[in-house]
Amino acid sequence: MLPSEPESDLRANLALVRQQLARAATDYPLPRLIAVTKTHPVDRILPLRALGVTEIGENRVQEIREKLPGLGPDFRVHMIGRLQTNKVKYIIEDVCLIQSVDRMELAREIDRQAAKHNRRMPVLIQVSPVGEVQKGGIAIDALRPFLVELSHMDALDVRGLMAVMPNLQNTETLDALFARMRALFEQMRSEAIAGIRMDELSMGMSHDYVLAARHGATMVRIGSALFGPRAAAPHNE
C-alpha cells in the first residue's frame, strides 16, 4: 500500500530536516529531533514511529492527557510549553522531560510532585537569551544562583538548558544568540555544581534549527518544518 499524501510529505520533510542537520552539525554530535506535535491529532503523529522519531514535544497539559491513550508506549513526551504550577500533578508521571522550568515556584512544585510519586523528574532550565523573561526563561545573570538552589531539591534532576530564540530574519543576530547559549552551557558545565548535570542543550526550532545544530544543540524542537505551517504562530517550536 502506498503511503497517504500527508505521510509522504512527512517522510520527505523529515528527510530534508535530517539532511540539513547533518550538514550543519560538523563540529558537534548530531542533535536529537523532538517533533513538536502541538495541535496535530494522534493519527498524524503515529507515522513518526516508523520513521524513527519517537520523542515528541507538547505545549499544553490538557492536550498531552488527551493524546496519551492513543500514542502507546513507544513515544516519549517532552513538556516544552510554559507550565502552570497547578497543572504539574497532571503530567508528572507521563512526561519524560520538562523543558520549560523558568521560575522557583515551578521548580519547587515539580520537586514536590515528583517526590510524591517516588520519581526523580528530569528537567531543563529555560533561559532567556535576550532577557525577555516575561516570555518565559530565566535571565542569564540569574541562572547560576537558580541552579545552586535547585541542586538542593532531591526529586529534581536538572539535565541542562533550553532556549526559545526570537523569530528574527537577521541571521547574524540569531547566530550570536546561539553562540551565547552555547557559551553559557559550557560555562555552567565547567562550574560543576553538585547535583546539576549539563548534558542537554535544547535550542532551535523550525525557522532556525540549522544555526542551532551549528552551535551544538543536543536537541532541536521542530514542528512546522515537519508537518507544514499552522494557522497560528508556533510557540516553543
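Helix 7 (residues 143–150) has four residues tucked away as buried, namely L143, F146, L147 and L150; buried here means under 20% relative accessible area, exposed over 50%, and partly exposed in between (1.4 Å probe, protein chains only). These residues span an arc of only 100° around the axis, so they sit on the same side of helix 7. That arc is taken from the directions that run from the helix axis to the C-beta atoms. Helices (H or I, at least four residues) and strands (E, at least two) are DSSP runs, numbered from the N terminus. The cover over the buried residues of helix 7 includes strand 5 (121–128) and helix 8 (171–191).

All of this comes from a predicted model, where local features need pLDDT of at least 70, side-chain atom pairs count only at pLDDT 80 or more, and totals for chains, interfaces and linings use all residues. Residues are numbered from 1 along each chain as its sequence is written, and side-chain values use heavy atoms, with hydrogens and water left out.

Turning to strand 2 (residues 55–58), E55 and G57 point one way and I56 and E58 the other, yet all are buried. Strand 2 runs parallel to strand 3 (residues 76–79), joined by four bridges, and parallel to strand 1 (residues 32–36) over two bridges; strands pair if DSSP finds at least two bridges between them. G57 stands opposite V36 and also opposite H78 in strand 3.

As for H215, this residue lies in the loop between helix 9 (209–214) and strand 9 (219–222). H215 is buried, with a relative accessible area of 15%.

Conventions. Contact means heavy atoms within 4.5 Å.
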